[in-house]
Amino acid sequence: MLSHVREQVRDQGGGAAPAAVDGGAADLGPLGDVAEVEAAEAVLGQAIRGRRDQVLISTKAGLPTGDGPQDAGTSRARLVRTVEDALRRLGTDYLDLFQLHAYDAGTPIEEVLATLEDLVRAGKIRYTGVSNFSGWQLMKSLALADRHGRPRYAAHQVYYSLVGRDYEWELMPLAEEEGVGALVWSPLGWGRLTGKIRRGRPLPADSRLHDTADYGPPVEEELLYRVIDALDEVAAETGRTIPQVAINWLLRRPTVSSVIIGARNEEQLRQNLGAVGWSLTAEQITKLDAASARTAPYPYFPYRRQEAFARLNPPLAG
């Protein structure tokens with residue numbers, strides 16, 4: 001699993017970065033401003049010193065970090081500068097995965113792909129990916145990469161959780177067909193699946209939802225509590241925590257390559273890493289699938305509700 005270095009920078013701690021390195025991978029985003037980016041890269045650079053070959057490092061570019069003309073988007077100048085600055089602060093000569101944080105409608109796709117190809121050929125990045133793309137944006141990018149013989153995007157960083165399964169409608173089949181691995185962010189539904197939220201209880205004072213509820217897709221209360229009830233049952237059966245069960249479910253979904261953890265401290269990170277190394281039973285997966293199921297929107301609805309459509313194009317996930 002990938003681990004954000006973000007939270008321990010904001011809390012001015014240091015324990016989570018070495019723990020992330022112990023876990024095998026670190027992700028540097030999303031980060032709010034230039035100072036935060038620089039601090040995260042500096043902390044991680046210290047943690048990987050002498051251990052670079054033991055970890056995979058991922059970072060992103062695209063969202064605004066200032067008001068200047070080169071402080072937003074994925075133009076050639078910004079991508080080159082972002083990569084070179086990250087390499088310098090990290091004290092390494094390559095990034096394992098470099099991703100576009102968002103689709104930039106103001107920069108031609110051909111320019112973006114050509115720039116990323118140059119960075120790959122220069123040995124500064126190993127693989128490229130995107131984040132928060134729609135189906136057509138990703139498919140057009142892949143098609144143009146194929147047409148011009150440029151590196152294809154290998155990963156797509158997406159929101160996906162037991163209370164947010166929209167990824168399954170279009171992006172999952174596209175990823176399966178085109179060989180693009182999903183890196184899941186916010187696997188606990190913006191803090192809803194931590195085990196602290198319960199029916200009839202007020203939102204805990206330390207819940208992230210006080211700050212993040214408006215940033216993500218809304219979740220109906222009945223769906224949330226239905227999922228929590230199912231997680232409670234499976235957690236009791238397995239002797240695992242609710243977050244561990246929720247993350248384990250994700251790791252076994254089609255096309256999911258890894259899950260990104262935004263732990264606030266070392267203890268939380270190590271607990272979440274306990275989501276690997278064991279398996280849910282088929283019955284437990286079915287229980288979680290049923291509790292989190294939602295009606296698919298058109299045009300996906302008939303393929304999930306009508307046998308004739310499903311026979312021609314069966315869904316990847318139940």
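## Exercises on a predicted model

Thr-92 touches Arg-52 and Leu-87, residues up to four places away in sequence being left out of the count. The model is predicted, and the exercises below start from this residue.

**Exercise 1. Describe the position of Thr-92 and its relation to Arg-52.**

*Solution.* 
Step 1. Locate the residue: Thr-92 belongs to the loop that runs between helix H4 (76-90) and strand E4 (95-100).
Step 2. Classify its accessibility. The relative accessible area of Thr-92 is 11%, and buried means under 20%; Thr-92 is therefore buried.
Step 3. Compare sequence and space: 40 residues separate Thr-92 from Arg-52 in sequence, while their C-alpha atoms are 7.6 Å apart.
Step 4. Examine the side chains: those of Thr-92 and Arg-52 are joined by a polar contact of 3.0 Å.

**Exercise 2. Determine whether Glu-41 is buried or exposed, and find which side chain makes a polar contact with the Glu-41 side chain.**

*Solution.* 
Step 1. Glu-41 is part of helix H3, which spans residues 34-47.
Step 2. Its relative accessibility is 3%, so Glu-41 counts as buried.
Step 3. The partner is Arg-89, whose side chain makes a polar contact of 2.4 Å with the side chain of Glu-41.

**Exercise 3. Characterise the packing of H4 against helix H5.**

*Solution.* 
Step 1. Helix H5 comprises residues 109-121, and its axis comes within 9 Å of the axis of H4.
Step 2. The two axes cross at roughly 30 degrees. Angles under 35 degrees count as roughly parallel, and H4 and H5 are therefore roughly parallel to each other.
Step 3. The hand of the H4 and H5 crossing is right-handed.
Step 4. On the H4 side, the contact is made by Arg-76, Leu-79, Val-80 and Val-83. On the H5 side, the residues include Glu-111, Val-112, Ala-114 and Thr-115.

**Exercise 4. Carry out the corresponding analysis for helix H6 and helix H7.**

*Solution.* 
Step 1. Helix H6 covers residues 135-148 and helix H7 covers residues 171-178; their axes lie 10 Å apart.
Step 2. The packing angle is about 15 degrees, and H6 and H7 are therefore roughly parallel to each other.
Step 3. The crossing in which H6 passes H7 is left-handed.
Step 4. H6 contributes Gly-135, Leu-138, Met-139 and Leu-142 to the contact, and H7 contributes Leu-171, Leu-174 and Glu-178.

**Exercise 5. Inspect the backbone at Asn-132, Ser-186 and Pro-299.**

*Solution.* 
Step 1. Asn-132 is not a glycine, yet has a positive phi of about 65 degrees. This residue occupies the loop between strand E5 (125-131) and H6. Its relative accessible area is 41%, so Asn-132 is partly exposed.
Step 2. Ser-186, likewise not a glycine, has a positive phi of about 50 degrees. Ser-186 is located in the loop between strand E7 (181-185) and helix H8 (209-212). At 18% relative accessibility, Ser-186 counts as buried.
Step 3. A cis peptide bond leads from Tyr-298 to Pro-299, with omega near 10 degrees. Pro-299 sits in the loop between helix H12 (282-292) and helix H13 (301-305).

**Exercise 6. Summarise the protein as a whole: how many helices and strands are there, and what percentage of its residues are buried?**

*Solution.* 
Step 1. There are 14 helices and 8 strands.
Step 2. Of the 318 residues, 50% are buried.
Step 3. Among contacts with a separation of 6 or more, 75% are between residues 24 or more positions apart.
Step 4. The accessible surface is about 15,000 Å², and carbon and sulfur atoms account for 50% of that surface.

Notes. Residues are numbered from 1 along each chain as its sequence is written. This is a predicted model: local features need pLDDT of at least 70, side-chain atom pairs count only at pLDDT 80 or more; totals for chains, interfaces and linings use all residues. Side-chain values use heavy atoms; hydrogens and water are left out. Helices (H or I, at least four residues) and strands (E, at least two) are DSSP runs, numbered from the N terminus. Buried means under 20% relative accessible area, exposed over 50%, partly exposed in between (1.4 Å probe, protein chains only). Contact means heavy atoms within 4.5 Å. Accessible areas come from the Shrake-Rupley method with a 1.4 Å probe; for residues, only the protein chains shown count as cover. Axes are lines fitted to C-alpha atoms, for helices over the stretch in contact, and angles run from 0 to 180 degrees between N-to-C directions. Angles under 35 degrees count as roughly parallel, over 145 as roughly antiparallel, 65 to 115 as roughly perpendicular and the rest as oblique. A crossing is left-handed if the near helix is turned anticlockwise from the far one by less than a right angle, and right-handed if clockwise. A polar contact is a pair of N or O atoms within 3.5 Å; within protein, one must be able to donate a hydrogen and the other to accept it, and residues adjacent in sequence count only if both atoms are side-chain atoms.
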